[in-house]
Amino acid sequence: MLAKLSMRNAKRQAGDYLVYFITIVLAAALIFAFNALVVSSEIRTLSTYMDSLTLIVGMASVVVVIILGWLVYYTQRFMLAKRSRELATYILLGVENKRVAGMFLTENLVVGAAALLLGLIGGNFIYQALRAVVFSLFDLPYIFSFGFYPAAVGLTAAYFAAIFLISLLLCRRRIRKLSIRALIEMDRINEGEVLDKRKPRKKIFTASIVCGITGTALLLTRNLGLGILGSFLIILFCYGFFISFSSGVPSFFDKRPVQKYKGGTLLIFRSLSTKLASIGITMGTIALLFTAALLTEGAALLFQNQFNQNETLMTGFDLYIAAPAGNADMTAYEEYIDENMEITSQLRYTTYNAKDDTVTQYVKSRTDYWTYFDYDQLMGYSDYAALRAMLGYEPAAMSENEYIVHCMDHLKPALDGYNDKLVAGGIELTQGGMYNEVLTQFTWDGNGRGFILVVPDRAVDGQTASLDIWAMMTAQPVDGKVYQGIQDLRDERSNLSGDPDIYDTLMSKAGLKEEYASLSALVVFPLFYLALVLIMAAATILTIQFLSDAGKYRRQFQILYDLGMDKREIRGTLNRQFAIFYGMPVLPPMLICIVFMFALGQAFDAGIIISAAHLWGIIGFSLFLFFAIYLLYVAAASHSMKKAVLPD
Amino acid sequence: MLQVKHVEKYYGSKNNVTKALDGVSFEVDRGEFIAIMGPSGSGKTTLLNCISTIDVPSAGSILIGGTDISAMRQEHLAKFRRENLGFIFQEFNLLDTLTIEENIGMTLTINHVPAAEVQSRVRQVAELLGIGDILAKFPYQVSGGQRQRCACARAMVYGQNLILADEPTGALDSKSSKDLLQLMSRMNGEHGATILMVTHDAISASYAGRVLFLKDGRLFNELRRGGKDRRGFYGEILDVLAFMGGDVEDAR
């Protein structure tokens, strides 16, 4: 009989806590999908870098289990409080505490098991989506193939068991210790106002704001110690702000009755402060989770951008080998390349030092630029023209007495006004144009550092050689193993020479693609995984909290309707209450995240973030992704709330 | 002030119709204190709901201050209700999250009274009803009697034309009930409030100037207090109840 009752309750619970149920189903699906990624041999063999995926996803999973553990424990405690009268009735009727606790445990295990099962099914689809993204990162065609991953199923089940069992055992202990009276009173017990209504709250409110600003500022210093301190201050801010805010608002309005009675302010601020007074700590935790989610997601997008930019900007050649002039010995490479690759076009050329670093100094004075070469770098026009042809760029015309500036896109504004004459090889040259396509001029060891000056061939005669370079285009993208072979040759040459300066620069378009695709999978995926779980957990708690008050809101609005408030006003008041309740825990994290992303954006090499608009675009996209998920919860809660609350 | 003309109210579907009100007609003058009595299921609450515009009669009309509310469109009813009617409910129906002052002030806010006037008007009426010292408290911090006084203040603070009370003493102890009924008598006598009270308690009804008796959805009888004292009027009410077949429990 009790088992039947228990099953019925488990079913009913799924209806009452639909948002929670959907969240844990999604969480199970995500856990499974990422574990399947780890155990899938086709993914792991994509690159040697992917060996680290197990460790990284494993670490992310530990964090996910902790977050979900908190979500499940919080919700189960919440359910326990809401159903305490029902449980007390069972005990009153003579059922032992032990059996009631067992019933609660069974119900929740059924809910957990159902979520796990659905999650495993749904997880396959998420896995397919992840697989498709990984394949596209590696420029491989995606073909649907269904695989069974017992290890992933086992890991997901183990994580879920850990989450549910610990939480349930804690709840079971609680029920077994509770008396009937305690159970009956449980649903009336709130968190309790942490601060009483006197002066300390004002001080704490002010202190929390100071903590928030200082914490954010410390995060910007890019110093590990200060960053940890900053994070700690942000935690203090989140809690301090919500604990004191809920107590401070009524006192603000008590002193300003005119503002209090204006429009719907009274109802909104009272409902909100009453709610916040009882869940200030929960709101602080939710804000903290949102902050973590936004930071994680923002960092993921910035890293993704860096990987994309690096891959694009580093080189356009299928293979690029450079060595300091005078130390270059390409013999070993030649033999190996002859055996393993089919070259379609190639050029061996030299870059030269100009007589000084006038242009470098000019750039440095006008933009964020770090110097590598002591002299401006020169390239002969015929080499330049050949390289352009190899890369498929339009020819760049230049007369005999001119020079061309070929720079990175981000240096263009700094160099735009540079029209000075250039003297090279004793010839005076005037500026004849500026180009900015990718010509392996991004890094320090490429065709110049950020820019190179292209001069007539006769102007480089007799100049000091800087780098000897071999650029190649191949029939097929350079294979990972072949590229590894070339890297081994480079290392061997360096080791044999005993001179640390002899370390040739190697770049391969396909190699870079593989490296950055792997980095995306290793860094960006887990960060998104964490962000997603953080948003889902926090939004679920918020929604459960809000919807649990549906009865109170319904009564409130029914009274107001009876008193003559019209439905439009009631709807408006509810909407405003709703917007504030869901907006408050997001606003501080949003501000922190924007500041943090700006700081992090500045930390990247120049050229990774092209402009302020580019950075704003990334921030905007980060917020868009966050709100796309968050608003789903808001919409679900809004729909349920309106249905349950508004008078007929 | 209030004219109820041949009001009928049916519930249910075609094959199973329940007639809650069956041709009820009566009038209430401005400044009157009238009680409507009847046993459970007699139609008292249905009648009150129809007068308070919360329910719509199936036939007949109800005029308040000359306005036929039964013909009024839904969107105008809320406005009419907040401007003309005050409510006192059995369970107080105060908003738990608001203080006593704010609960009273809510009526003014709903009626878009300028915010600067709200506090002074609330305090004025609270002093009048003897709850000036508990304005800063929340409903759960005061007694049932004080909560119902707050409801009374809310019902008259905007100068509503008609106060509708539904078993106002139902949740109060005898001392608080007596205090509340005396207060309502004062509201009626000294401040000219028109009160229509639904009750099945003979003692409560004896504070009114006139009592209408409902039975099975029809008006069964009517008693006027006239010059009689309250005790004598109470006796007459009990007689009518006994004649109606009501048990003593019905009259409490």
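Questions and answers on a predicted two-chain model follow.

The model is predicted: local features need pLDDT of at least 70, side-chain atom pairs count only at pLDDT 80 or more, and totals for chains, interfaces and linings use all residues. Residues are numbered from 1 along each chain as its sequence is written, and chains are lettered from A and ligands numbered from 1 in the order in which they are written.

Reader: Which elements of chain A give two or more residues to the side that touches chain B?
Author: Contact means C-beta atoms, placed from the backbone, within 7 Å. By that test 15 residues of chain A are in contact with 20 residues of chain B. Helices (H or I, at least four residues) and strands (E, at least two) are DSSP runs, numbered from the N terminus. The elements are helix 11 (257-260), helix 12 (265-314) and helix 20 (550-563) of chain A.

Reader: How many residues of each class are on the side of chain A that touches chain B?
Author: Ala, Val, Leu, Ile, Met, Phe, Trp, Tyr, Cys and Pro count as nonpolar; Asp, Glu, Lys and Arg count as charged; the others, Gly among them, are polar. The count is 7 nonpolar, 4 polar and 4 charged.

Reader: How is helix 12 of chain A oriented to helix 19 of chain A: roughly parallel or roughly antiparallel?
Author: Axes are lines fitted to C-alpha atoms, for helices over the stretch in contact, with angles from 0 to 180 degrees between N-to-C directions. The axes of helix 12 and helix 19 (residues 509-547) of chain A come within 8 Å and cross at roughly 160 degrees. Angles under 35 degrees count as roughly parallel, over 145 as roughly antiparallel, 65 to 115 as roughly perpendicular and the rest as oblique. Helix 12 of chain A is therefore, relative to helix 19 of chain A, roughly antiparallel.

Reader: Which residues in helix 21 of chain A meet helix 12 of chain A?
Author: The axes of helix 12 and helix 21 (residues 567-583) of chain A come within 10 Å and cross at roughly 40 degrees. The two helices are therefore oblique to each other. From helix 12 of chain A come Leu267(A), Ile268(A), Ser271(A) and Leu272(A). They meet Thr573(A), Arg576(A), Gln577(A), Ile580(A) and Phe581(A).

Reader: Which residues point each way from strand 7 of chain A?
Author: In a regular strand the side chains alternate between the two faces of the sheet. In strand 7 (residues 451-455) of chain A, 5 of 5 residues are buried (20 or more other C-beta atoms within 10 Å of its own; exposed is 12 or fewer, partly exposed in between; C-beta atoms are placed from the backbone). Ile452(A) and Val454(A) point one way, and the other way point Phe451(A), Leu453(A) and Val455(A).

Reader: In strand 7 of chain A, what is the bridge partner of Ile404(A)?
Author: Strands pair if DSSP finds at least two bridges between them. Strand 4 (residues 402-407) of chain A runs antiparallel to strand 7 of chain A, joined by 4 bridges. Strand 3 (residues 377-380) of chain A runs parallel to strand 7 of chain A, over 3 bridges. The partner of Ile404(A) is Val454(A).

Reader: Which residue has a positive phi in the turn between strand 5 and strand 6 of chain A?
Author: Strand 5 (residues 422-424) and strand 6 of chain A pair in the antiparallel sense over 3 bridges. They form a hairpin with 2 residues between them. The phi in question is about 60 degrees, and the residue is Gly425(A).

Reader: Which are the edge strands of the open sheet in chain B?
Author: The sheet has 4 strands in the order 2-1-4-5, with antiparallel pairing. Each edge strand pairs on one side only: strand 2 (16-28) and strand 5 (67-68) of chain B.
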